[in-house]
Amino acid sequence: MTLPTTAAALPDRLWQAVTGGDEQEAVGLVRAALAEGVDEEALLLDVIAPVQARVGVEWAADRITVAQEHTATAINERVIACLAHHPPSAAPPTPPRGRATVSCIDGEWHAFPARLVAEVLRLRGWQVDYLGAQTPTPHLVAHLHRTNPDAVLLSGSIATHLPTAHAAITACQAIGVPVLAGGRAFGYDGRYARALGADRWAADARGAAAVLAGGLARPHPAARRQAADDLPHLADQEYTMVVRSRPHLVKETLVALEERLPAMRDYSDAQRERTAEDIAHIVDFLATALYVDAAEIFTAFLTWTADILEARNVRARSLVPALDALSEQLRDFPRAVRLLREGTTALHGPSAPGPEMCA
Amino acid sequence: MTSLPPFEFSLSIHREPGALIVRLAGDLDYDTSDDLVDAVTEHMAAHPRLADVRLDFHELTWIDSAGLSALLMIRRRTGAAGVTLHLDNRPTVLNRLLDMTNVLDHLTAPATREAEGDGRTDGRTEGAIEGAGDARTEGGGGVAADGSATEAGTS
Amino acid sequence: MLVVDRHGGLVRVNEAARVLLRGAAGGDGAAARVPSWLADAHRRVSDGLPGADPGPPTGTIDDRFFEAHPTPGADGDVVWWLVDETGRHHAENALSDALARSEILAEVSSALLSSLNVPRCMEVAATMAAEHLAEAAVLVGPPQGRRHPLTYARRGGPVTQVTRRVDVSIVPGLPEALQGFPPVPARWINPGDIPDWVIPDDFAGPVGSVIVTPLPGHGLPAGALILLRSSTEQAFTENEELLARLFAARAGSALSAAGLYSEQAAITATLMQDLLPPPLTSVHGVEYAGGYRASQDQERIGGDFYDVHPGADASRSTLVALGDVAGKGLEAAVLTGKIRNTLHALLPLADDHLQVLSLLNGALLTSHHTRFATLVLASVRRHRGHVELRLTSAGHPPPLIVRNDGMVEEVPTRGTLVGALPTVTARTVEAVLAPGETCLLYTDGITEARGGPLGDDLFGEHRLRRALAECAGMPAEAVVERVRMLTAQWLGAGGHDDMAAVAISAPKPGSLAALDGRADGGNPRRHR
């Protein structure tokens with residue numbers, strides 16, 4: 001933290017403002033801090049970013065509602081927009097230090113981390129093209145052909161987007177643009193960024209700016225590769241099979257759960273649908289773990305889900321039976337079976353006695 | 001992930017005295033609507049003495065805006081030929097779309113009323129469709145024009 | 001054939017070997033007559049060591065190429081049979097040159113084709129030319145006005161790109177190359193005539209030899225390539241000139257393709273600018289937010305559209321239009337452009353929705369197709385902290401209103417689609433939003449999104465209503481974001497139709513938009 005002492009209370013006050021839906025107060029706080037001489041990067045990364053991170057944590061703990069979560073995010077976005085329109089404290093060096101493209105993985109709708117990185121790079125004198133959330137990979141590639149940036153910063157929060165990220169990484173590199181990956185999806189130490197062949201990984205916005213400042217070598221343009229070149233285990237077709245049969249797996253698991261848990265037979269349509277969605281998530285994370293060949297993607301998701309349900313006073317009783325039902329259906333796929341077993345073990349850990357999911 | 005095969009679209013066409021009966025099955029959408037228009041146009045050209053074209057939607061599974069656009073085009077063709085269009089066995093999905101877009105009366109207006117409607121087309125739309133071969137006979141707005149007077153501006 | 005003893009002395013030499021080794025005879029010290037590669041091989045055989053390379057030892061004697069096959073003789077002597085392989089050796093050399101050449105060309109093609117960006121393509125071409133063909137390469141692009149883009153590459157060094165005014169006419173062969181004439185043979189070019197601007201800054205020593213070759217493009221020349229070698233290096237051979245020409249042909253066509261792509265992309269970007277939905281912000285104390293996703297992921301435009309036309313001041317209504325053209329992609333997008341322009345022109349009549357729709361209907365009617373549009377018009381005005389709405393649907397899904405208590409109401413407006421029937425009817429409905437309440441206009445791409453956990457279910461109106469019920473009290477952009485997120489999740493990786501949504505919200509106290517409404521909006525802002 002590089003905040004002056006007068007601004008130390010700022011994160012708490014901003015938190016109150018954004019969760020209370022008080023945009024005037026939120027923007028006023030940040031403007032006042034700027035006027036007091038707090039630098040913009042510190043405001044972005046040491047005030048706004050922690051507040052946004054807290055939004056996610058408090059939602060998971062069921063201490064704020066979905067509406068509050070979305071409202072807080074929207075107001076935080078507006079606060080950043082106000083900062084962006086604020087005349088910069090020091091004139092940026094001209095010409096720009098270079099050009100960088102900031103994009104989310106196709107399908108990723110958590111744009112906030114990417115937005116922060118884009119703003120920080122701008123402050124540090126880069127020409128930034130911010131493509132935001134839900135940028136289809138073909139658009140990203142077309143953009144790179146047009147602008148020829150020094151690097152692409154690819155942001156992802158949810159691990160299930162890793163297979164899509166892989167396609168984007170290889171596509172960018174195939175046209176000679178290096179990829180700097182960042183965000184929770186790539187693992188706390190960037191291990192999945194390495195597994196997918198990203199040129200570099202950064203833990204946060206400052207790290208990304210530092211990597212960019214150090215310069216990234218262009219990947220050899222002729223070195224095209226396909227997914228299976230980075231991840232030879234894909235040859236066992238387990239990933240492909242699970243993805244292709246997802247609707248079937250979900251349906252069969254739902255039927256199996258109804259057999260095993262009589263209470264489910266009285267579920268309303270909405271409850272059944274929520275259960276189906278939970279099963280679909282399990283299948284998606286299982287598929288991703290198969291793709292990257294990393295069990296912790298799957299186990300971390302399961303324990304997180306159990307915690308979320310716990311916070312809502314719902315005991316996730318059907319999680320383990322769902323894993324059992326999936327093991328049954330996938331019994332001919334050894335990697336999937338192993339993952340499901342590790343998932344069951346993780347759920348039987350100290351914090352999760354007999355679970356139940358969805359109400 | 002949603003790569004389930006789409007419902008197979010098919011048409012079966014029957015002739016009865018004075019009538020052409022087209023049974024649709026599957027999704028009438030962006031990918032299939034041209035097939036329907038082409039089939040009806042071809043058969044109408046081959047059988048100039050038709051009085052009725054009946055589209056049977058009993059096995060229709062889905063219709064989108066492109067499908068509705070195809071029905072409007074068929075209505076133009078039947079209207080120009082003095083043929084009445086019938087939309088039989090309409091499933092909910094079709095009724096909802098026809099209701100929301102307010103075109104059911106137009107699509108199924110009897111051919112005999114066409115000539116009356118033609119004269120009543122107002123100057124503005126007349127200008128827009130001037131010289132428009134098959135569209136000139138398009139009238140059918142009698143009911144709609146009456147409706148507009150009563151419904152306009154109410155709330 | 002010759003026989004050599006274990007000390008390297010010649011024991012016997014046959015007639016052929018005598019001629020070859022210039023009169024060598026038995027009894028001579030082999031070192032004096034035998035070529036060093038053979039003497040070397042003999043020592044290895046005598047010492048029982050393996051050969052330096054697999055296969056028999058080889059080497060040249062005068063300008064002939066020989067293989068030497070040893071056979072053990074008596075008393076440690078070695079009988080050497082020399083076999084003349086000159087012809088085969090030449091053929092092999094030629095083959096390996098050709099292989100190396102095609103390998104280089106394959107690598108070059110693959111690298112060049114990877115980018116469709118012209119400067120990047122020039123960078124790759126110059127780098128590869130310096131790596132494989134010369135010590136330094138200068139790529140001169142076609143003139144842009146009076147200046148030429150220049151790319152300098154030195155083997156193992158960095159690439160520099162500048163666009164500069166240079167005199168191309170003083171470089172021998174360059175004006176011709178830039179006009180696409182066949183290259184001037186390298187031996188005709190006097191390295192001393194090369195002007196300084198051609199020579200990269202850190203080029204070692206004076207220029208020894210030069211190749212200037214055109215980069216043939218598709219139709220128009222794509223530039224010229226100058227290859228430089230310093231005087232301490234061997235001059236370019238004819239073979240190397242040939243390779244340079246082959247290289248230039250590939251570089252030229254890659255540059256041409258990149259140029260064509262850039263041009264097309266620029267044209268498309270310009271045309272699309274007007275077809276993309278505008279960014280929305282708050283106007284006259286009312287919050288607006290829009291979200292849009294085109295159906296085909298390769299295209300950013302489609303058949304859904306929306307606009308917000310601010311009233312002249314806060315006392316006048318703002319007109320919002322959101323709609324959907326039957327069909328997809330560019331054709332549909334062009335029609336949305338026509339509708340948006342027509343609506344813009346009809347703004348003076350905006351208070352009478354039915355009249356606007358009738359005029360729009362007339363403007364769109366054509367005999368060529370029945371591609372219709374459905375839309376919703378909303379006239380919006382803030383009055384005493386509340387937002388007053390007048391809403392008219394023309395064949396479009398009715399707007400939904402999210403009340404502060406979480407109730408979701410459908411606005412019962414209904415009317416005829418536009419662009420296919422001679423006349424249209426419509427019923428306008430009024431509604432009022434209290435602070436915190438939102439009216440959502442949306443296209444059927446949202447409710448008809450197919451996916452969900454079982455893979456092929458429609459998102460449907462009931463799920464949209466359920467989602468909106470959770471959005472009570474949220475600001476406009478948060479509502480749109482929530483709807484976008486849920487539909488994206490629902491779709492997964494599945495295909496979908498165009499989707500668009502516009503949220504109109506009455507700001508709560510504490511919103512900046514609420515402030516904006518209090519200040520008199522005497523300053524109309526355009527949001528396109």
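**Figure 1. C:Tyr152, a residue with 24 C-beta neighbours inside 10 Å, counts as buried.** Welcome to the first close-up of this predicted model. The cut-off for a buried residue is 20 or more other C-beta atoms within 10 Å, and C:Tyr152 counts as buried because it has 24 such neighbours. Which residues is C:Tyr152 in contact with, leaving aside its neighbours within four places in sequence? They are C:Ala126, C:Val138, C:Val159, C:Thr160 and C:Pro200.

**Figure 2. C:Pro195 sits in a loop of chain C.** This loop runs between helix H6 (174-178) and strand E9 (207-214). Is C:Pro195 buried or exposed? With 12 other C-beta atoms within 10 Å, C:Pro195 is exposed; the cut-off for that class is 12 or fewer. Setting aside residues within four places in sequence, C:Pro195 is in contact with C:Ile170 and C:Val171. C:Val171 is 24 residues from C:Pro195 in sequence, while the two C-alpha atoms are 6.7 Å apart in space.

**Figure 3. Chain C is divided into three stretches: domain 1 (2-84), domain 2 (112-270) and domain 3 (275-518).** Here we step back for a moment to see the whole chain. How many Å separate the centres of domain 1 and domain 3 of chain C? Taken over C-alpha atoms, the separation is 94 Å.

**Figure 4. Helix H3 and helix H5 of chain A meet.** Two packed helices are described by the angle between their axes and the distance between the axes. In this view, the axes of H3 (residues 40-60) and H5 (residues 112-123) of chain A come within 10 Å and cross at roughly 170°. H3(A) and H5(A) are therefore roughly antiparallel to each other. On the H3(A) side, the residues that meet H5(A) are A:Glu40, A:Glu41, A:Leu44, A:Leu45, A:Ala49 and A:Gln52. Their partners in H5(A) are A:Phe112, A:Leu116, A:Glu119, A:Val120 and A:Leu123. Sorted by class, this contact has seven nonpolar, three charged and one polar residues.

**Figure 5. Chain A is divided into domain 1 (5-85), domain 2 (99-229) and domain 3 (235-347).** The centres of domain 1 and domain 3 of chain A, taken over C-alpha atoms, are separated by 36 Å.

**Figure 6. A:Asp62 and A:Asp293 each have a positive phi.** Most residues other than glycine have a negative phi. A:Asp62 is not a glycine, yet its phi is about 65°. A:Asp62 has its place in the loop between H3 and helix H4 (66-85) of chain A, and it counts as partly exposed because it has 14 C-beta neighbours inside 10 Å. Now turn to A:Asp293, where phi is near 60°. Where does A:Asp293 lie? It is in the loop between helix H13 (269-292) and helix H14 (295-311) of chain A. A:Asp293 is partly exposed, with 17 other C-beta atoms within 10 Å.

**Figure 7. A:Arg218 lies in a loop of chain A.** The loop connects helix H9 (205-214) and helix H10 (227-230). A:Arg218 counts as partly exposed, with 17 C-beta neighbours inside 10 Å. Not counting residues up to four places away in sequence, which residues does A:Arg218 touch? It touches A:Gly176 and A:Pro178. A:Ile175 is 43 residues from A:Arg218 in sequence, and their C-alpha atoms are 9.5 Å apart.

**Figure 8. Chain B has seven helices and four strands.** You can follow them along the sequence in the pattern β-β-α-β-α-β-α-α-α-α-α. Of the 155 residues of chain B, 37% count as buried. Among contacts in chain B with a separation of 6 or more, 73% join residues 24 or more positions apart. An unreviewed UniProt entry carries the annotation "domain: STAS" for residues 9-107 of chain B. Over residues 9-107, the chain is 44% helix and 34% strand, and the end C-alpha atoms are 22 Å apart.

Terms used: Residues numbered from 1 in each chain as written. Chains lettered and ligands numbered in written order. Predicted model: local features only at pLDDT ≥ 70, side-chain atom pairs only at ≥ 80, totals over all residues. Helix = DSSP H or I, 4+ residues; strand = E, 2+ residues; numbered from the N terminus. Contact = placed C-beta atoms within 7 Å. UniProt positions renumbered as here; feature names shortened; annotations may be inferred. Domains from an automatic or database assignment. Axes fitted to C-alpha atoms, helices over the stretch in contact; angles between N-to-C directions. Parallel < 35°, antiparallel > 145°, perpendicular 65-115°, else oblique. Nonpolar A, V, L, I, M, F, W, Y, C, P; charged D, E, K, R; others polar.
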